[in-house]
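Morning, everyone. Please look at the model on the screen while I talk. I'll go through it piece by piece.

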Amino acid sequence: MLYVDKELQGDTLTVSLDGRLDTTTSPDFEAELKSNLDGVKNLVFDFEKLEYISSAGLRVMLSAQKIMNKQGEMSIKNASDDVLEVFEITGFIDIINIQ
């Protein structure tokens with residue numbers, strides 16, 4: 001299960017995730033995310049409550065990063081040690097701005 005909370009302030013969209021970003025939840029989340037990126041210059045993911053991210057979730061992050069490379073910036077904050085470990089092992093820590 002994945003719960004998504006979005007907050008738009010000016011041209012900054014903060015997306016807070018709660019639960020698991022995996023093969024079950026990624027398709028719906030990706031569609032929802034892409035429909036909310038028009039005019040966004042700063043995309044911030046708050047992973048404080050994200051318990052798990054799978055390769056399908058990483059693909060969504062990469063897709064969002066490609067979009068934001070054209071229109072602004074993307075960052076991830078408050079990632080747990082487990083999620084950070086996935087980013088480190090896969091090399092995503094070098095691709096995505098993690099605060």
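Which elements do the buried residues of H2 pack against? They pack against S2, H1, S3, S4 and H3. Contact here means heavy atoms within 4.5 Å. Buried means under 20% relative accessible area, exposed over 50%, and partly exposed in between, with a 1.4 Å probe and protein chains only. Helices (H or I, at least four residues) and strands (E, at least two) are DSSP runs, numbered from the N terminus.

Two notes on where this comes from. This is a predicted model, so local features need pLDDT of at least 70 and side-chain atom pairs count only at pLDDT 80 or more, while totals for chains, interfaces and linings use all residues. Residues are numbered from 1 along each chain as its sequence is written, and side-chain values use heavy atoms, with hydrogens and water left out.

Stay with H2, residues 55-71. Its buried residues include Ala-56, Leu-58, Met-61 and Ala-64. Now its length. The 17 residues of H2 should span 24 Å at 1.5 Å a residue, and the end C-alpha atoms are 25 Å apart, so the two agree. The expected span is 1.5 Å times one less than the number of residues.

Ser-54 sits in the loop between S3 and H2. Is Ser-54 buried or exposed? It counts as buried, because its relative accessibility is 9%. Ser-54 also caps the N-terminal end of H2, with a side-chain oxygen 3.2 Å from the backbone nitrogen of Ala-56. Leaving out residues up to four places away in sequence, Ser-54 touches Leu-21, Asp-22 and Thr-23.

Now the sheet. Five strands form an open sheet, in the order S1-S2-S3-S4-S5, with mixed pairing. Two strands pair if DSSP finds at least two bridges between them. The edge strands are S1 (2-9) and S5 (97-98), and each pairs on one side only. S1 and S2 (residues 12-21) run antiparallel, joined by eight bridges. Glu-7 stands opposite Thr-14 in S2.

Finally, the core. A nonpolar core is a set of buried Ala, Val, Leu, Ile, Met, Phe, Trp, Tyr and Cys residues joined through side-chain atoms within 4.5 Å. The largest one has 26 residues, and Phe-29, Phe-45 and Met-61 are among those with the most contacts inside it. S2, H1, S3, H2, S4 and H3 each supply at least two of its residues. Beyond its neighbours within four places in sequence, Phe-45 contacts residues including Val-15, Leu-33, Met-61 and Ile-76.

Conventions: A polar contact is a pair of N or O atoms within 3.5 Å; within protein, one must be able to donate a hydrogen and the other to accept it, and residues adjacent in sequence count only if both atoms are side-chain atoms.
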